[in-house]
Amino acid sequence: MAKSLQTPEPELQKPGVKAPVQETLLTPRFYTTNFDAVAQLDISAHEAQLRAIVDELRADYNRHHFVRDSEFGQSWEQIDGETRRAFIDFLERSCTSEFSGFLLFKELSRKLKERNPLLADAFNFMARDEARHAGFLNKAMGDFNLSLDLGYLTRNRTYTFFPAEWVIYTVYLSEKIGYWRYIIMFRHLEKHPELKFYPLFGYFESWCQDENRHGDFFKALLRSQPQLWNNWKARLWVRFFLLSVFATHTLTVLERASFYRSIGINPYEYNIQVIEKTNETAARAFPVILNTEHPEFFRRLEECSDINLKLTEINDSNSPKIVKFLRKLPLILSIIGHLLRLYFIKPIDAEVSRQAVC
């Protein structure tokens, strides 16, 4: 059974407004990029496909879906203790992630409007979806007498610069792993409605459809750029981003295992299923995927999770900083060692197997 951290009580920025979680490698990040490089992308090789996806985004099939119904209009005081704290943590992290996507897409749309109208339209529609998701999640937090100050996050969050190529890789993976996270949770609760303790879970099917459409757009954008998949450097980068996303997912899920247990999900099995499905899906876009069936693959990821929990315990202790550093250093090196061993496991050639996967 996964050992998870006890979720701390929410800290308030002011009455009713939750203070943002401390930024770490595992918290959702805000990104910026080289907007000129995105504007200059030659998308002619897949323009027809991109236009079809943009038309689908424009149709906005979920425009009437994210409306709070009467089921929300009740007290939620019966959700208490660790379940309440873990669920609020889930809502905050999900809201922050969606809002991060909104800010990036909105800025891309604004910067590309005159230079690449097709991409500008796509980013504008995806920003609309992300904003809708973030707002819906923030209203859900309101049912627990909390909310996030999204304006404060916009002004004060650290923005990480990623080159345009990295943005395409990471956002594609983020949207596709988001799809599998939501749809697997939705299908589980559809089979076990007695575990659905809050109505938000019923919206996850339409939610993941948005994630899937966004991922399809980034897949077409990626395949329109041969330098992102048709050379040895791209193969190395793809392996790096796949492993980074899967390692982050493992650490995050197992660190917050209590949330998944609260809805009857085994966090180990859920993590494996999400990663395997995302890896299979990535074979439709990437030149290689990871060999998740290798006997070392999930064992080493789970060992990284165990070490991460030890790092958190050290960080939360009252030891002097130098003592913390000396205690943490061998553990950090151990995580790096596990990840390097995983990186050098022979990958699967997706270009050869793409027809079978699709």
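Predicted model: local features only at pLDDT ≥ 70, side-chain atom pairs only at ≥ 80, totals over all residues.
Biologist: Which residues of α2 meet α4?

Modeller: E47, L50, R51, V54, L57 and R58 in α2 do. Their partners in α4 are L118, D121, A122, F125, M126, R128 and D129. By class, this contact has seven nonpolar, no polar and six charged residues.

Biologist: Why are α3 and α4 called roughly antiparallel?

Modeller: The axes of α3 (residues 81-112) and α4 (residues 117-142) cross at roughly 155°. Angles over 145 degrees count as roughly antiparallel. The pair is therefore roughly antiparallel. These axes come within 7 Å, and the crossing is left-handed. The contact of α3 with α4 holds 19 nonpolar, seven polar and four charged residues.

Biologist: How do you know which helix gives the most to the lining of the second largest pocket?

Modeller: Lining residues have an atom within 4 Å of a pocket point. α6 supplies five of them, the most. Both α6 (164-191) and α10 (267-282) supply at least two. Among the lining residues are W180, R187, N266, Y270 and K277. The pocket holds about 230 Å³ of space.

Biologist: What is the make-up of that lining by class?

Modeller: Four nonpolar, four polar and four charged residues. G264 is in the lining, and Gly counts as polar.

Technical notes. Residues numbered from 1 in each chain as written. Heavy atoms only, no water. Axes fitted to C-alpha atoms, helices over the stretch in contact; angles between N-to-C directions. Helix = DSSP H or I, 4+ residues; strand = E, 2+ residues; numbered from the N terminus. Parallel < 35°, antiparallel > 145°, perpendicular 65-115°, else oblique. Left-handed = near helix turned anticlockwise from the far one by under 90°. 1 Å grid on protein atoms, 1.4 Å probe; cavity = no way out; pocket = protein on both sides within 12 Å on 5 of 7 lines; lining within 4 Å. Points joined across faces, edges and corners; volume = space filled by probe spheres on them. Contact = heavy atoms within 4.5 Å.
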